[in-house]
Structures are given as C-alpha cells and as structure tokens.
Amino acid sequence: MNHARQIGLCHSAIRRLSVVAILLIPLSGCFVVEFMLTKQIANVSLSPSGNEVAFLQFPNQVRVKSLDIEGAFLCQLRVPLMSERVHFTFHGMMFAVDQPDIADDLFALGDVTRSIAFYDVNSCELTREMPLPGLQTTTALAFSSDGSFLLRSSEQSGSSDVRLDLIDVESGESIKQWTYLNTHPISFALSGDDSLAFLGMAQHKAPNVEGEVPRDHIGKVALMRMPTGELVREWVESDTLGIRAVAISVDGTTIALKFYDGTIKVTHLPTGESNTLETPTKEVEESLATVDALTVFEKLLLTPDGSVVFVQSALHAESLYAFRVDSGEQVKEYEYEDDIGDFAITSDGKRLVVGTEAGEIKIEELGLQMESD
C-alpha cells in the first residue's frame with residue numbers, strides 16, 4: 001500500500017476509533033472523556049465577504065464566527081459523528097455540512113452513505129438534506145460560489161479507485177461522473193468565477209512483468225470547464241512523482257501543484273511560464289515517500305492574485321510557509337504552538353485564517369507582509 005494512502009487510512013481509522021471511544025465513554029471513565037473530547041479544528045471555510053468563518057471541530061461541532069467581533073458566534077450546533085467538512089455557500093447566507101447517514105447503524109463506521117445538510121446562518125436551522133451520489137467516503141468537496149453545483153471525489157474503504165461527481169445542488173443529481181482507476185484521492189480547486197476546475201492526482205503505475213507494483217506514481221493534471229464538466233486539457237506533469245495538492249488563482253490564470261516529494265510547481269497558463277519552488281519541506285517529504293509518518297498535510301493555497309503560495313510543513317504541522325511565485329523567495333513563516341488543522345485566505349487576499357488543533361482561530365493580516373520590498 002502506498003505511503004500516502006496509508007496515512008489517509010491511518011487518520012480515518014483514528015477518527016473512527018475515537019468515535020467508538022466517545023460512544024463508550026460511560027463505560028470507560030473520566031480519562032477517556034478528557035482525552036477524546038478534543039475540540040480540534042478539522043476544516044475552515046470563509047464566507048464570500050470574508051467577514052465570517054465556519055469551522056468543524058472534532059468530534060461533532062460546527063460553529064460560525066464573525067472575524068471582526070471578538071468572541072461573537074453567529075451559529076453553533078452539533079452534527080453527526082464523522083461529519084467531515086463544512087462549507088459556506090449561497091453567498092454566505094447558508095452553510096453546508098458533509099455528514100454520514102448512520103441513523104440505521106451507529107457502528108457502521110466505515111462505508112456509510114453521506115449527505116449534505118444545509119443550515120441557515122442566522123437561525124442555525126436545518127433547511128434541507130441532500131443525499132450525495134457516489135461512493136461512501138468523501139475525499140474532497142468543493143462548492144461553486146453561487147451554490148449551484150459542487151464537485152465531490154469519493155472512494156470505498158480498501159479500494160484504490162476514485163470516483164469524481166459533478167453534482168447539481170438543486171436536484172442532487174450527478175451531472176457527470178468520472179472513475180479514476182488505481183488512483184489516490186484527487187485534489188481539486190475551482191477558479192473564482194467557477195468556470196474552471198483544476199484537478200491533480202497520483203496514479204499507480206502498471207505492475208511490471210513480475211507483477212510487482214512500482215513505488216513511483218504518475219502525476220496527472222486536468223482542467224475542466226464548469227459547470228458542464230467538459231475536459232479542456234489533460235496532461236502528465238511527472239511519470240515518477242504523484243501530485244498531492246493543487247491550487248488555482250481566482251482569475252484562473254495561475255495554477256500550483258505540490259508533488260509527493262514536497263516540490264511546488266507554479267504555472268501561468270496563458271504564457272506557459274513555470275517556476276519550481278524548492279520549499280523547506282522538500283527534503284523531509286522526499287523521505288516521507290519511502291517511510292511511514294504520522295502527519296502529511298495535503299493543502300496548497302494561492303493568494304487571489306496568484307502572487308504568493310502557501311503550504312504547510314510536512315512533519316512540523318504547526319508551521320505554515322508563504323513563497324513568492326515569481327522568485328520562489330520565502331516571504332513568511334507562520335509558526336503556532338499547536339498543529340494547524342486547516343487554513344484559508346479571504347477573497348480580497350488581505351487576511352489568512354488558521355484553525356488549530358487546539359480549537360483556536362488565528363487571524364493574520366497579509367497586506368503589508370506580502371508586499372515587495
């Protein structure tokens with residue numbers, strides 16, 4: 001089994017075991033309560049205005065908070081255990097939670113169907129639930145800014161195949177589906193106007209004549225026109241290094257991808273000009289390709305103008321680096337006391353919002369720090 005998939009399954013297994021421990025709290029004493037009921041932030045989503053953040057806290061809390069008023073929560077609610085993502089949608093008036101359907105079998109911790117639950121930000125009330133087409137486990141999810149469609153990649157436990165669905169939100173029906181065989185979970189991002197989807201993946205190489213599967217992976221990328229799913233272009237970036245994460249600028253002209261060895265490549269699509277960034281995580285992640293590790297973060301972000309790229313450290317998960325795209329210069333390192341659960345950048349590019357595994361939201365002002373000297 002490939003290292004990256006081992007890590008993904010390990011994290012998934014830890015979450016599931018944690019859920020079991022929570023369910024068994026009455027039998028196990030106060031120590032388990034203190035240890036298991038953490039409030040670590042699993043993911044963050046910013047409203048289109050950039051004034052509010054929605055975040056999911058392990059194991060089953062969702063909160064919506066104003067970034068401008070200290071301590072002001074607009075909404076707080078509990079969601080089912082094993083809920084994985086929260087997303088703002090519909091111009092910030094609603095948010096959506098990717099949650100499991102476990103009412104019939106509480107202990108079906110692996111392959112359960114999933115749905116999207118929509119909540120009103122102001123009232124915090126559930127307005128609609130939409131079953132998700134595709135396989136049981138969501139590996140990535142992205143809404144269009146107007147909430148009309150979403151992209152979802154999914155897989156089945158123990159499988160090496162990934163399904164990608166382009167879903168109409170109003171009907172809940174899959175507009176188009178793709179199946180990628182022998183592929184690790186796909187990373188994708190939408191341009192600011194939702195007209196392009198940028199996908200990156202790592203595909204297993206075919207077994208050799210003796211039947212042994214090579215350790216190397218093919219790094220393949222694709223550009224798709226939205227909301228039709230029309231393939232604009234597909235190409236192989238590397239025949240030895242799989243792609244772990246991708247990002248796209250708001251205007252859709254700049255793409256960034258992170259290979260399995262930690263290298264980041266940024267390309268300006270209209271000109272074809274590319275720049276390869278040698279990040280501090282590269283040497284560490286080269287070793288991660290062959291040895292087991294507990295922490296590999298799979299997220300990459302570009303500022304809205306495409307001038308700066310953000311990436312988290314591979315082993316030092318409390319650190320976040322910012323690099324200038326044109327020169328590759330490291331312009332900032334953010335270091336926190338606790339590991340980073342997720343991070344996002346406001347649509348105006350002025351603020352970085354970081355959620356930590358200690359359950360804290362950190363806000364960094366980017367304007368002055370990102371300017372050229």
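Trainee: Buried means under 20% relative accessible area. With that in hand, is Phe-310 buried or exposed?

Mentor: Phe-310 has a relative accessible area of 0%, so it is buried. Keep in mind that we are looking at a predicted model.

Trainee: Noted! And what about Tyr-334, buried or exposed?

Mentor: Tyr-334 counts as buried because its relative accessibility is 3%, which is under the 20% limit. Phe-310 and Tyr-334 also form a stacked aromatic pair, with 6.4 Å from centre to centre and 25° between the planes.

Trainee: Which strands do those two sit in?

Mentor: Phe-310 belongs to strand S22 (residues 308-312) and Tyr-334 to strand S24 (residues 330-335), so their pairing ties together parts that are 24 residues apart in sequence.

Trainee: Buried or exposed, for Phe-95 and for Tyr-119?

Mentor: Phe-95 counts as buried because its relative accessibility is 0%. Tyr-119 counts as buried too, at 8% relative accessibility.

Trainee: Switching topic: how many disulfides are there?

Mentor: The structure holds one disulfide. Cys-75 is joined to Cys-124, with an S to S distance of 1.7 Å.

Trainee: Where in the chain are the two cysteines?

Mentor: They link distant parts of the chain, 49 residues apart. Cys-75 is in strand S4 (residues 73-78), whereas Cys-124 is in the loop between strand S7 (114-120) and strand S8 (126-131). Cys-75 is buried, and Cys-124 is buried as well.

Trainee: And is the disulfide right-handed or left-handed?

Mentor: The torsion about the S-S bond is about 75°, so the disulfide is right-handed.

Trainee: Now the sheets. What is the strand order in the open sheet of four strands?

Mentor: The order is S13-S14-S15-S16, and the pairing is antiparallel. Strand S13 (187-190) and strand S16 (230-238) are the edge strands, each pairing on one side only. Neighbouring strands in this sheet are turned by 15° against each other on average, with direction ignored.

Trainee: How many bridges join S13 to S14?

Mentor: Four bridges join S13 to strand S14 (residues 196-204), and the two strands run antiparallel. To see one of these on screen, pick Ala-189: its bridge partner in S14 is Phe-198.

Trainee: Last one, the whole chain. How many helices and strands are there?

Mentor: The protein chain comes to five helices and 27 strands. Buried residues make up 53% of its 373 residues.

Trainee: And what share of the contacts joins residues at least 24 apart?

Mentor: Among contacts between residues at least 6 apart in sequence, 42% join residues at least 24 apart.

Technical notes:
Residues numbered from 1 in each chain as written. Predicted model: local features only at pLDDT ≥ 70, side-chain atom pairs only at ≥ 80, totals over all residues. Heavy atoms only, no water. Disulfide = S-S within 2.5 Å. Buried < 20%, exposed > 50% of the residue type's maximum accessible area, 1.4 Å probe, protein only. Pairing = 2+ DSSP bridges. Axes fitted to C-alpha atoms, helices over the stretch in contact; angles between N-to-C directions. Phe/Tyr/Trp six-rings, centres within 6.5 Å; stacked < 30°, edge-to-face > 60°. Contact = heavy atoms within 4.5 Å.
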